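Hi everyone, thanks for coming. Please have a look at the sequence and the model on the screen, and then we will walk through them together.

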Amino acid sequence: MDLEARKISFVQEFLRLQNKDIVSGLEKLLRKRKAELIENSFEPMTMEQYNAEIDQAMEDSKNGRMIKATDLKAKIQKWL
């Protein structure tokens, strides 16, 4: 069975579930595995990349391309 067929089969089975605990457990497992995959894909930044990021941040600051933390928090609250 290919991946697409397996996903469809899983979703169909998931939709038949009536137990909140199983659904919660699957949600928790999915979040955990996705976080692990993202974490494992990170690679350390080189010193050149690090310095370039700092230079870009300084340039952005000098040219007013910034947002206050309070404004950012307010913007994020609107997403929820």
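Let me start with a question: does R65 count as buried, partly exposed or exposed, and what is its relative accessibility? R65 counts as partly exposed, at 48% relative accessibility. The words follow cut-offs: buried means under 20% relative accessible area, exposed means over 50%, and partly exposed lies in between, with a 1.4 Å probe and protein chains only.

Before we go on, a word on where this comes from. This is a predicted model, in which local features need pLDDT of at least 70 and side-chain atom pairs count only at pLDDT 80 or more, while totals for chains, interfaces and linings use all residues. Residues are numbered from 1 along each chain as its sequence is written, and side-chain values use heavy atoms, with hydrogens and water left out.

Now the overall picture. The chain has 4 helices and 0 strands, so from the N terminus on you read α-α-α-α; here helices are DSSP runs of H or I with at least four residues, strands are runs of E with at least two, and both are numbered from the N terminus. The C-alpha trace spans about 55 × 35 × 20 Å along its principal axes. Its radius of gyration is 21 Å, whereas a compact globule of 80 residues would have one near 12 Å. That radius is taken over C-alpha atoms, and the globule rule is 2.2 Å times the number of residues to the power 0.38. Of the 80 residues, 1% count as buried.

Let's turn to charged pairs. Side chains of opposite charge can pair when their charged atoms come close. We call it a salt bridge when a side-chain nitrogen of Lys or Arg is within 4 Å of a carboxyl oxygen of Asp or Glu, and by this rule the count comes to 5.

One of them brings us back to R65, whose side chain meets that of D60 at 2.8 Å, N to O. Another joins E4 and K7 at 3.2 Å. Both residues lie in helix α1 (residues 3-16), 3 residues apart, about one turn of the helix. E4 is partly exposed at 45% relative accessible area, and K7 is partly exposed at 42%.

Helix α2 (residues 20-41) holds R33 and E36, 3 residues apart and separated by about one helical turn. Their side chains form a salt bridge at 2.6 Å, N to O. R33 is partly exposed at 41% relative accessibility, and E36 is partly exposed at 28%.
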